[in-house]
Amino acid sequence: YVGEYAGEVYVGMGYDGVRVLNPGTGSLTRVEESWRVGRSFASSRGQIHGDTLFGVQRSGPEDGSSLAAYPLGTNGREWSGTFDGTVTAGPVVDNSLVTIGTEAGAVFVFDRSTGKRLWDVRIDGSVGAIDTSGLRVWVADEETGVTAYDRADGTRLHRSTKPVNGSDIAVSDDVLILGGNGIRGYWIEAE
């Protein structure tokens, strides 16, 4: 993981913590040894949002995984929680939610400020991508397509069985964009 906050570069080193670098010189300014931000093939498991670094780390085969919030600024959040599974999507963070998806098809949604698990659901395949919009949490995978859930309680609102053909998803206002082996855009009908 690599992210920037307040003129410093944060580099997640898995179990070896987070290194903080001066971007002008590349020199090490400090090490946050207890912070965990996992790495996996072709993706990182961290995101800076506001004054907080959110990181996911696989604890061990029997221990499950953990999601943690690490404060970067004076208003940063600090909390941690655990869940079962290997993360394949996220953390996706917005102003109120932190969302992750697993290889086994679990989607976990946490309160951004407190870390409290708000709801979780299962899909029929491995979670490939997640994004959020004002009303929904969008979950995509190659096997079952796209599913939209009510962001407040996890009620399923929409399901498309057309395969996504990739693992990228983005939502902007009333447009859903799916990427991977070709990019497609879809209008989201108002309810």
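Me: Is alanine 6 buried or exposed in this predicted model?
Reply: Residues are numbered from 1 along each chain as its sequence is written, and local features need pLDDT of at least 70, side-chain atom pairs count only at pLDDT 80 or more, while totals for chains, interfaces and linings use all residues. Side-chain values use heavy atoms, with hydrogens and water left out. Buried means under 20% relative accessible area, exposed over 50% and partly exposed in between, with a 1.4 Å probe and protein chains only. Alanine 6 has 63% relative accessibility, so alanine 6 counts as exposed.

Me: Where is alanine 6 placed?
Reply: Strands here are DSSP runs of E with at least two residues, numbered from the N terminus. Alanine 6 also has a positive phi near 50°. Most residues other than glycine have a negative phi. Its place is the loop between β1 (2–5) and β2 (8–12).

Me: Which residue in β12 is the bridge partner of valine 87?
Reply: β11 and β12 (residues 97–102) run antiparallel and are joined by four bridges. In β12, the partner of valine 87 is threonine 102.

Me: What is omega for the cis peptide bond that joins glycine 90 and proline 91?
Reply: Proline 91 lies in strand β11. Most peptide bonds are trans. The bond from glycine 90 to proline 91 is cis, with omega about 10°.

Technical notes: Two strands pair if DSSP finds at least two bridges between them.
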